[in-house]
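Subject: Structure for you to look at

Hello,

Here is the structure I said I would pass on. My notes on what turned up in it follow below.

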Amino acid sequence: MATMTDPKPARVPMGVQDALWLTMDRPNALMVVDGVMTLGAAPDLDQVHEVFARAVARFPVFSRRAVRTRGSWVWEDDLDFELGRHVTAVRLPGKADMVALQAFLALKRAEPLPRDRPLWAGYLVEKVVLEDGRE
């Protein structure tokens, strides 16, 4: 039960493009955007968290969840926002090559994001062997 001292999350109107994207999202046709970066040196998870923390500070929408209210969509501050719920380290089983990385991404692309938090996820995929043999 909420009390008078409980913080109420701030709400920001959602743009038309974001609302359209959300309404097109279906279990059999997820509206997912993904990307991959390969780096010359492997960062640790703390360094990756620092990069995402700067992005969240610069773009607060990354700490907001999509909420439907009275027929329209809004971005609502997630009062329980934690980077650890969004950014995780993963080690692929077996031979961690580009084919395995592509298979991992295909699986993630097919999973709906939890709607009770901001709609994004990041992965630090460790020890992937690139086509030129570098790790």
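Salt bridges link Arg11, Arg65 and Glu76 into a network. The model is a predicted one. Glu76 pairs with Arg11, with the closest N and O atoms 2.7 Å apart, and Glu76 also meets Arg65 in a salt bridge at 2.5 Å, N to O. Glu76 lies in strand 3 and Arg65 in strand 2 (residues 64-69), so this pair ties together parts that are eleven residues apart in sequence. The pair of Glu76 and Arg11 links distant parts of the chain, from strand 3 (residues 72-77) to strand 1 (residues 11-13), 65 residues apart.

Is Glu76 buried or exposed? At 5% relative accessibility, Glu76 counts as buried, because the cut-off for buried is under 20%. Its two partners are partly exposed: Arg11 has a relative accessibility of 45%, and Arg65 has a relative accessible area of 23%.

The structure holds nine salt bridges. Another of them joins Arg115 to Asp25, the closest N and O atoms being 3.0 Å apart. Arg115 is in the loop between helix 3 and strand 5, while Asp25 is in the loop between helix 1 and helix 2, so the pair ties together parts that are 90 residues apart in sequence. Arg115 is partly exposed at 38%, and Asp25 is partly exposed at 21%.

Next, the aromatic residues. There are four aromatic pairs in the structure. In one of them, Phe52 and Trp120 have ring centres 5.3 Å apart and planes at 10°, so the pair is stacked. Phe52 sits in helix 2 (residues 45-58) and Trp120 in the loop between helix 3 (98-109) and strand 5 (122-126), 68 residues apart. Trp120 is buried, with a relative accessible area of 13%, whereas Phe52 is partly exposed at 27%. Phe104 and Tyr123 make an edge-to-face pair, because their ring centres are 5.4 Å apart and their planes stand at 90°. That pair links distant parts of the chain, with Phe104 in helix 3 and Tyr123 in strand 5, 19 residues apart. Phe104 counts as buried at 11% relative accessibility, and Tyr123 counts as partly exposed at 34%. Ring pairs also link Phe52, Phe59, Phe62 and Trp120 into a cluster.

Helix 2 also holds His49. The side chain of His49 reaches the backbone oxygen of Val87 at 3.2 Å. Setting aside neighbours within four places in sequence, His49 is in contact with Leu83, Gly84 and Val87.

Leu20 belongs to helix 1 (residues 16-24).

Last, the chain as a whole. The chain has three helices and five strands, in the order β-α-α-β-β-β-α-β along the sequence. Its C-alpha trace spans about 55 × 35 × 25 Å along the principal axes. Of the 135 residues, 24% count as buried. The chain exposes about 9,800 Å², with carbon and sulfur atoms supplying 57% of that area. Among contacts between residues at least 6 apart in sequence, 71% join residues at least 24 apart.

Regards

Methods
Residues are numbered from 1 along each chain as its sequence is written. This is a predicted model: local features need pLDDT of at least 70, side-chain atom pairs count only at pLDDT 80 or more; totals for chains, interfaces and linings use all residues. Side-chain values use heavy atoms; hydrogens and water are left out. Helices (H or I, at least four residues) and strands (E, at least two) are DSSP runs, numbered from the N terminus. Rings of Phe, Tyr and Trp (its six-membered ring) pair if their centres lie within 6.5 Å; planes under 30 degrees apart count as stacked, over 60 as edge-to-face and the rest as tilted. Buried means under 20% relative accessible area, exposed over 50%, partly exposed in between (1.4 Å probe, protein chains only). A polar contact is a pair of N or O atoms within 3.5 Å; within protein, one must be able to donate a hydrogen and the other to accept it, and residues adjacent in sequence count only if both atoms are side-chain atoms. Contact means heavy atoms within 4.5 Å. Accessible areas come from the Shrake-Rupley method with a 1.4 Å probe; for residues, only the protein chains shown count as cover. A salt bridge is a side-chain nitrogen of Lys or Arg within 4 Å of a carboxyl oxygen of Asp or Glu.
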